[in-house]
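Student: I want to learn how to read backbone angles and helix packing in a model. Where do we start?

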Amino acid sequence: MPTAVKPRRRRRRSDRLKRNRKRYFHVLDVNMSLSTVHSTLSSLKTCLTDIGTGMDIVTDVALDVAETAGSENDAVLKKLELMMLECAKLDQEINCFVDVVNCVTAEVRNQEPEAMFRLKSLVKDKFTERHGRLSEGELQNHVKMASFKENVRNALKTGNPEAAENMEEELDEDIAVTQSEVNFTCPLTQVEMVNPMKNRKCNHHYDRDAITGMIKARQNQKKKLRCPVVGCGNTDVKQGDLILDQIMKRQIQKRETTEARFWSTPTHQS
């Protein structure tokens with residue numbers, strides 16, 4: 001009997017080794033294929049950064065146009081708005097594609113290696129289905145698109161089409177008055193903001209790095225973030241409610257430039 005048990009144990013051990021070896025190569029094959037996919041996704045995420053930078057540049061150009069008198073301004077602003085919509089659409093599509101790929105690859109990871117051969121068709125089908133649900137309204141509500149429209153609208157309010165020749169002087173006066181009324185200090189860092197983000201719910205401003213860092217920290221703790229401005233009733237500050245206030249950013253930059261010129265004059269140099 002002892003001699004009959006040993007071969008059976010060896011067979012069971014051999015079967016376990018084969019199963020483990022097969023499982024190992026399955027994981028290896030899938031991981032090697034998925035590493036290629038994730039490398040491609042990293043390139044797409046870089047594109048998203050470039051698109052965001054491009055949309056900020058278009059917004060800056062639109063503000064320059066809005067602050068300048070001219071009969072053709074409306075047509076130029078309309079073209080710039082269409083450019084923003086195209087960028088928002090591309091940003092939306094790339095984000096949708098990245099989400100779909102991450103979702104599908106997570107499912108494939110736990111399946112047989114043969115499932116990788118169906119990865120392309122699975123992604124295509126899921127992307128087509130999700131992309132079909134995207135609407136024009138979502139494009140208009142894109143964070144940077146909303147920021148573009150609000151900043152341009154505010155910039156147009158500062159213009160005076162009846163006195164085009166005095167436009168620059170009037171804009172400077174408006175900015176000077178606004179600067180005396182607006183607090184450029186971030187309520188989180190207590191220093192002057194660099195990239196002021198406006199909360200569309202409560203209209204308060206925070207520096208971008210400070211508020212995004214605080215939001216992430218609260219999310220990790222699974223807690224909501226209350227607006228740090230004393231007395232504000234907004235108890236849930238979300239990333240989607242924040243837009244870059246380009247006008248305030250330009251005001252801050254203008255003040256810094258003015259102060260630098262002031263202190264660089266011979267009368268103020270020690």
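Tutor: Start with a loop. Lys222 sits in the loop between α7 (208–220) and β3 (242–244). Keep in mind that this is a predicted model.

Student: Is Lys222 buried or exposed?

Tutor: The cut-off for exposed is over 50% relative accessible area. Lys222 has 79% relative accessibility, so it counts as exposed.

Student: Where is Gln190?

Tutor: Gln190 is in the loop between α6 (167–181) and β1 (196–199). Its phi is positive too, about 65°, and Gln190 is not a glycine. Gln190 is exposed, with a relative accessible area of 57%.

Student: Now the helices. At what angle do the axes of α2 and α5 cross?

Tutor: Roughly 165°, for α2 (residues 73–108) and α5 (residues 143–157), with the axes coming within 10 Å. Angles over 145 degrees count as roughly antiparallel. Therefore α2 and α5 are roughly antiparallel to each other.

Student: Is the crossing of α2 and α5 left-handed or right-handed?

Tutor: Right-handed.

Student: Which residues meet between α2 and α5?

Tutor: From α2, Leu77, Leu80, Glu81, Met84 and Leu85. From α5, Lys144, Met145, Phe148, Lys149, Val152 and Leu156.

Student: How many residues of each class are in the contact of α2 with α5?

Tutor: The contact has 8 nonpolar residues and 3 charged ones, with no polar residues.

Technical notes: Residues numbered from 1 in each chain as written. Predicted model: local features only at pLDDT ≥ 70, side-chain atom pairs only at ≥ 80, totals over all residues. Heavy atoms only, no water. Axes fitted to C-alpha atoms, helices over the stretch in contact; angles between N-to-C directions. Helix = DSSP H or I, 4+ residues; strand = E, 2+ residues; numbered from the N terminus. Parallel < 35°, antiparallel > 145°, perpendicular 65-115°, else oblique. Left-handed = near helix turned anticlockwise from the far one by under 90°. Contact = heavy atoms within 4.5 Å. Nonpolar A, V, L, I, M, F, W, Y, C, P; charged D, E, K, R; others polar. Buried < 20%, exposed > 50% of the residue type's maximum accessible area, 1.4 Å probe, protein only.
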